[in-house]
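Trainee: I'd like to learn how to read a few features off a model. Can we go through one together?

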Amino acid sequence: MSLLTRRRLLRRAALSATATGAVRTGLAGAAAAGTVASAAVAGCDDTPDPALEGDASSGALRFPPDFGWGAATSAYQIEGAAKEDGRGESVWDTFSRTPGQTRNGDTGDVAADHYHRYAEDLDLMRDLGLRSYRFSISWSRIQADGSGRPNQRGLDFYRRLVDGLHERGIAPMATLFHWDLPQALQDAGGWENRDTAERFGAYADIVFRALGDRVPAWLTINEPKTVVQNGYLSGHHAPGRQDPAAAYLVAHHLQLAHGLAVRALRAAGVEGRIGPALNLHPCYPADDTAEAAAATRLYDGYENRLYLDSVFTGAYPQDVLADLRADSRMVRGIRDGDLAVIASPVDLLAVQYYTPIYVTGQGTTVRKWPTSEAEWQQIYPEGMYDILTRVTRDYGPIPLTITENGLPCPDTLAPDGTVDDTARIDFLRDHFAAAHRAIRDGVPLESYHVWSLLDNFEWAEGYDQRWGLVYVDYPTQRRVLKRSAHWYRTVIRNNGL
């Protein structure tokens, strides 16, 4: 890796669903030929889908029958019970308990206490009319140190959760890894250590054999890019590193772990579908110059194609590999057969959309649209349409699910016991409409999971940001449906806007 590339990577923005801070600088460098995400404005098929009722001009947007309206959470952000029933320490336990790493010193030790209140939360999901629930499984709850015999109490918790979903007519969608790596594995090198990917495959096999007959859809790795950018470049997520040489070796091992989990599912004979969960950011040139177009192409390579190409084409983008250079730890860490494992056929792709990225000719980023309380998040619903149509056009008609989309609002509990989050309703309405247009233009989108079901521990931001449809009063753990939750229930009932 060149010194110039190293400096660029250290300056790189951590523009992910959990990044903090204002707009940051990004990658610059030579560009290769190819399609940039900004070219994704055109749809995949101009013929409207007759299965969709209504249209934008009539004011009625109806989604396909049996569309999977849902909501999403993750284990460390809501479960709590950090030291109960055999759960081991994760990197987020260590990171959040380290002074100065999270706002107000907040931790996920209690979070939304979902571990003890899951039945109440399942009833909330039923009352909202959710058809799908996307959650994650804590690796540390299944294997305290990331290896060895499974913890039956941990498996039993997720079995109760899955059974409770079925009892309420809600389809489970389980994520195997949402950033909470067992600390024992981190102590042995974490995702820099190739053995961690192998251990992940073994962990996945345990979970598949325990729960596979009850879970119709599995997601492997949640947002590997965020682990790379936030955990190993900016350092404001666990494990808190600023090491660009390690960062993209970590990216490769995360992709390898994904492929090993896919193969474990097939070997276990489980009938459920499986795929990765990728946060995808449409990248646009900030101006009309050739320099901006070239810089955007490379930026898109790091943001999107590094992960999409390896899964769907069995190759990493050549422009990214060239920018990293042949002597980088990532390039040297790729072994014969690795890309074939990573490209093991998947059944679906989970897309998480939060923000667009605008790239200058110097490879920095600029802000074009208003932001939410999360300053990194520019509110641009058209980006939802662009990224969905881009994926379908570039990688074929793989079934898609949106597994995260939402924003934080300054939610407060009024004296009358209500929470008026009108901005969240406006945000979701506009993004639902963009997704609907993508479906009409040929995108095989099957479901949509709002982030998040509950207010929760928002990583480095602690409990200051509220992303939920349901307000959590943390001192009492009381749940209150926000105005957006009542609105969303009507959307689900009507199957559209």
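Trainee: Let's start with a cysteine: is Cys 409 buried or exposed?

Mentor: First, the ground rules: this is a predicted model, where local features need pLDDT of at least 70 and side-chain atom pairs count only at pLDDT 80 or more, while totals for chains, interfaces and linings use all residues. Residues are numbered from 1 along each chain as its sequence is written, and side-chain values use heavy atoms, with hydrogens and water left out. Buried means under 20% relative accessible area, exposed over 50%, and partly exposed in between (1.4 Å probe, protein chains only). Cys 409 counts as buried because its relative accessibility is 4%. Cys 283 is buried too, at 0%.

Trainee: And how many disulfides does a search of the whole structure find?

Mentor: A disulfide is a covalent bond between the sulfur atoms of two cysteines. The search looks for a pair of cysteine sulfur atoms within 2.5 Å, and here it finds 0.

Trainee: Next, strands. Which way do the side chains of strand E12 point?

Mentor: Helices (H or I, at least four residues) and strands (E, at least two) are DSSP runs, numbered from the N terminus. In E12, residues 470-473, Val 470 and Val 472 point one way, Tyr 471 and Asp 473 the other way, and all are buried.

Trainee: What does E12 pair with?

Mentor: Two strands pair if DSSP finds at least two bridges between them. E12 pairs with strand E13 (residues 478-481) in the antiparallel sense, over 4 bridges. Tyr 471, for instance, has Val 480 as its bridge partner. The two strands form a hairpin with 4 residues between them, and Gln 477 in the turn has a positive phi of about 65 degrees.

Trainee: On to charges. How many salt bridges are there?

Mentor: Look for a side-chain nitrogen of Lys or Arg within 4 Å of a carboxyl oxygen of Asp or Glu. That rule gives 40 salt bridges. One of them joins Arg 126 and Asp 123, at 3.3 Å from N to O. These two are 3 residues apart in helix H4 (residues 114-128), so about one helical turn separates them. Arg 126 is partly exposed at 41%, and Asp 123 is partly exposed at 25%.

Trainee: Where do Glu 404 and Arg 134 sit in the chain?

Mentor: Their side chains meet in a salt bridge (2.9 Å, N to O). Glu 404 is in strand E10 (residues 400-404) and Arg 134 in strand E2 (residues 132-136), so to speak distant parts of the chain, 270 residues apart. Both are buried.
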